[in-house]
Amino acid sequence: MFLYNLTLQAPNAVNQAILGNFSGTRQQELIVSHVSRIELLRPDTTTGKVHSILSHDVFGVIRSLAAFRLTGASKDYIVIGSDSGRIVILEYNPAKNVFEKVHQETFGKSGCRRIVPGQYLAVDPKGRAVMIGVDVGFENPIFACLEVDYSEADQDPTGEALKETEKMLTYYELDLGLNHVIRKWSESVDPKSNMLVAVPGGTDGPSGVLVCSENYITYKHIGAATLTVPIPRRENALENKDRGLLIVSGVVHKMKNSFFLLLQSEEGDLYKVTLDFVNDTVNDIKIKYFDTVSVAAGLCILKSGFLFVASEFGNHSFYQFEKLGDDDDTPEYSSSDFMTNDGEPLDTKVYFKPRPLENLLLVDELTSMAPLTDAKVLNLTDEDTPQIYALCGRGPRSTLRILRHGLEVTEMAVSPLPANPTAVWTTRLTADDPYDQYIIVSFSNATLVLSIGETVEEVTDTGFLASTPTIAVQQLGQDALLQIYPQGIRHIRANKQVTEWRAPGGRAIVRAATNRQQVVIALTGGELVYFEVDDSGSLSESHVRREMSSNVNCLSIQPLPLGRKRVRFLAVGCDDNTVRILSLDSSTCLEPLSMQAISAIPESLVMIDMPDQISEGSLSTLYLNIGLQNGVLLRTVLDQTTGQLSDTRTRFLGARAVRLFEMNMAGNPAVLALSSRPWLSYQLQSRIHLNPLSYEPLEFAASFTSKQCLEGVVAIAGNALKIFTIEKFGQVFNETSVALTYTPRRFVVNPIHKSIAIIETDHNTYSSQEKKKALKALGFDDEDAQEEELDPAVFGHTRAQPGKWASLIRLVNPSTGETTFSLELEQNEAAFSVAVLNFAVDANQMFLAVGTAADVTLAPKSLSSGFIHIYKFVDEGMGLELVHKTPVDEVPHALLHFQGRLLAGVGKALRVYDLGKRKLLRKCESRAIPNCIVTLHNQGGRIVVGDVQESVHYASYLPTENKIVVFADDKAPRWISCSAMIDYDTVAGGDKFGNFFVDRLPKKLSHEIDEDDAGSKSVGKGYLHGAAHKLDLLAHYHVGDILTSLAKTSFVAGGREMILYTSFLGGIGIFIPFQTKEDIDFFQTLEMHMRNEMPPLAGRDHLSYRGYHVPVKGTIDGDICEQYNLLSGDKKRMIAEELDRTPAEIQKKIEDMRIRAI
């Protein structure tokens, strides 16, 4: 087995976010790190939208990120600290839209080690040095660190030395004259200090640092008085008074003559911190509650008045500042009120009342699926392609997300029409108009002209003939319009003077192709007539006509480049299954240049110029897109010198004939293809994408440009005119969300009624009943309790003591997204596993089994009791009814339907249960699993068991002896996070260190085990402290993120089966099996060349990254192969020569791998 790994959706959790002018313009941009990927975001300050400009995989773990600017420069550079043991400086090149490595400095070993720098990074504000910086103006750069000497603590197993270890705030100064670092100052701080925030210095402020520790913020600087202010806490009757409060992120914002800091607590509350100072002496620190947002991994304030919140979990938010919180009645606390006479801080707590947003306004959200805890590929709504159902988020911001393959469409307007239209066009009035002025709608016997303004209204004085259907519309020359209809051509000048060209008697115009200077029409019988705009602006007919050998089905003329008056090529599709390229040169007008035979009759043609991918000499490549009547789209390259066609790519789009329309999307020409669903072919970041739109089927479309909608589409669906736009290019999936209450853990599907059952569990959280009881005990009645209640989606659930659990079981209707049933568990029970099954004693009734445990403490691990609840589905699968509840001695982490019974992993015991009247009846048990069972799968009598620490075990159920025998296990221990049976002998799994592996039972051994009814072969002598037989490792690969689900699936109807995986940080990827030895050799060689020619940006070695813990085996990294498109032309040709192919052939092979999958 050999696999090809491809990322379908990159992880979208953010662990670092920085702000700067990376393009060298005045516009501020954001760079975010998605752990192993770096992305440039550009906020549009007029619309408030955040656009992704560039995303690049660095094949390493980004531990820290900083922006710095050289003194006097106008652009910022990016410094990356990673697991490569190197520090790397990158520059963004806006002309090529790439990150370029400026400098790389090696200083340690690879990996995230305690002794290798890279975790913490800060920059001297004047751009002279990089470390953890204190702003000192133009004096020698000073860097501040929180330090702990752990040498004694490491040697002491009792932990006493750790308690006595002091935490120090230390200043290091870089002497620019001697070019070396000296330790300038050190002072002990609170042992629970966790963060430093630099205070502006020089002309901007007093310099120094704020030390954030549990419950307090302290200002410290050399020779300055220490000032301390408590962190305000939420007023909450159920607050755990003993729990400390930490600051987790912060940002400094400098204004003309002042500055302020925004700090965020682990609850998500933002605090505005200001310093009262005279010259360099700080007299007071003031802190007040500002607003509440989601807990952030990074905060960035833009000069244009926006705040970017890179959320730890869930969607990232982009806020606009409404005000700075100076004029509200929120209490402000000052350090002078909390200091004793001898300068010691008072031990006290201060409070504030949380409220909805007042100072910030949410303007945009970037979707993030982190943390993604479980996912399945299902088609519950009977659509063309299956959907991915994923559990995402943490706490009250959790969601069930339904992902569909396709680009998200934003509908702007829908207007019904009096009858079913046949076609639609948009046109400008003059060549210089920035926006479209008219929408022209053609019916079977009439034409309607609509004017685009504040509203869309019908107009009648345009010169268009309204009593006939229209074939084509074009803005012609400088200021004329053209209407082509079956009986002739109507040329409308700006002064409304109309010139008509009539079709010859007995013949009609059937097809037309136009650009701003040239017009070609096809008459019945296959005759082509060519027109050109002359110098006076008139439309003159060429003396040359051409009779085609068969009927003309479609025409396309090359788009007219800026500054040119004529193009050379015309494409003609005929019903003899051919496409011909004709010349439009004056000397060889309508002469044939080349021909391509195709598999079906062509329905439509579009020629477009796309920015070049192959050769660097020309600026663009001319593509001919051919839509066939059998639902296939062809894209072929048209040589701009000879007119020859080459490098044809094929894609099946749907059951209907494919109609093509030229658009402008993502700043480049694009093609909209309409079949049984709409598809868009567009270019983004050096790669041509072909993605479906998540929208209803359309009949006809045209590009639409207005002030409000620069890259829109106007289209016909039935008798309605629809205007829509696409914003999120490059995203393979769009999503719909169903809000949940607690963190979702697992879900299953009722196969008969197609309802989804989800278990949700949160630790340190009060359940609804517990909360009511606790409030009642404090003297609050129900009304008071409701007033106390804050929106949990914004403010989170009230934190309880460790050992308190809140949990519920929810049923969701996947068609509507509605919750049809929810049941909250009581008595401090937490749900950990779930399964749908039917018991042999009642085969027609579907049951839901839920594994729970009461009073669980995580460290040290203990519980009062475990339970297995059995519910039966009622109300056509939309409700549940409790049958009974069976106590067990451990936490049931895995449940599975098994031959009309329930297979349960209870701690390390594997048990088979049957349905009894009062409780489940234990029929069989095996205690051969070493630690704790976390996953279960079966085919027939074979069971695959995943152990939390000791990888996978194969077991057989012997019905004659009623026992379970473990007969094979893995050679290496693995901390299993998910697994899936690929076939009867093969299992794929993921571990908590981000590795993916495939194990297989040898075929001969598999047959022997199946034929051995007595189990004598299974029980042989244990080998390597485990089972009698061992599994063979077929593939091993480091994905770089914890895998949370695996599934064998196929996305395309009749397509190749593959393994789809989801990861904790929100990533979705696939492993595609190779089918030929030739493909394996090709991609292995290409991967080797890519490692050499395009080493990862962060300095990590690609081969050692993909083999992080175990050498990579049987897997090729498709992500690095796809970076072939980013290489220079010379390097592309050099690799192509080594592979004995052309660059176009290599690109086609890479593209085919993705097309086969999705």
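This is a predicted model: local features need pLDDT of at least 70, side-chain atom pairs count only at pLDDT 80 or more; totals for chains, interfaces and linings use all residues.

Biologist: Okay, and which residue in E65 is the bridge partner of isoleucine 758?

Modeller: That's arginine 810.

Biologist: What about strand E66, how many bridges join E65 to that one?

Modeller: There are 6 bridges between E65 and strand E66 (residues 818–824), and the two run antiparallel.

Biologist: How many residues of E65 are buried?

Modeller: 9 of the 9 residues of strand E65 (residues 805–813) are buried, so the strand is largely enclosed by the rest of the structure.

Biologist: Which residues point which way from E65?

Modeller: Trp805, Ser807, Ile809, Leu811 and Asn813 point one way. Ala806, Leu808, Arg810 and Val812 point the other way, and all of these residues are buried.

Biologist: What holds paired strands together, in general?

Modeller: Strands of a sheet pair through backbone hydrogen bonds, either parallel or antiparallel.

Biologist: Switching to a whole sheet: what's the order in the open sheet of 5 strands?

Modeller: The order is E21-E22-E23-E24-E28, with antiparallel pairing. Strand E21 (247–254) and strand E28 (332–334) stand at the edges with a single partner strand each, so one side of each has no neighbour in the sheet. From one strand to the next, the twist averages 25 degrees.

Biologist: Can you zoom in on one pair in there?

Modeller: Strand E22 (residues 259–265) and strand E23 (residues 269–278) pair in the antiparallel sense over 4 bridges. Leucine 262 stands opposite lysine 272 in E23.

Biologist: Enough strands for now. At what angle do helix H7 and helix H11 pack?

Modeller: Helix H7 (residues 1077–1093) and helix H11 (residues 1143–1157) pack at about 115 degrees, with their axes 12 Å apart. That angle is why H7 and H11 count as roughly perpendicular to each other, and their crossing is left-handed.

Biologist: Which residues make the contact?

Modeller: From H7 you have Asp1079, Phe1082, Phe1083 and Leu1086, and from H11 there are Ile1146, Lys1149, Ile1150, Met1153 and Arg1156. The residues of this contact divide into 6 nonpolar, no polar and 3 charged.

Biologist: Last one: is leucine 582 buried or exposed?

Modeller: Leucine 582 is buried, with a relative accessible area of 0%. Its place is in strand E49 (residues 578–583).

Biologist: What does leucine 582 touch?

Modeller: Leaving out residues up to four places away in sequence, leucine 582 touches several residues, including Leu528, Met548, Phe569, Val572 and Leu593. Leucine 582 and phenylalanine 569 are 13 residues apart in sequence and 5.9 Å apart in space, C-alpha to C-alpha.

Note on methods: Residues are numbered from 1 along each chain as its sequence is written. Side-chain values use heavy atoms; hydrogens and water are left out. Buried means under 20% relative accessible area, exposed over 50%, partly exposed in between (1.4 Å probe, protein chains only). Contact means heavy atoms within 4.5 Å. Two strands pair if DSSP finds at least two bridges between them. Axes are lines fitted to C-alpha atoms, for helices over the stretch in contact, and angles run from 0 to 180 degrees between N-to-C directions. Angles under 35 degrees count as roughly parallel, over 145 as roughly antiparallel, 65 to 115 as roughly perpendicular and the rest as oblique. A crossing is left-handed if the near helix is turned anticlockwise from the far one by less than a right angle, and right-handed if clockwise. Ala, Val, Leu, Ile, Met, Phe, Trp, Tyr, Cys and Pro count as nonpolar, Asp, Glu, Lys and Arg as charged, and the others, Gly among them, as polar.
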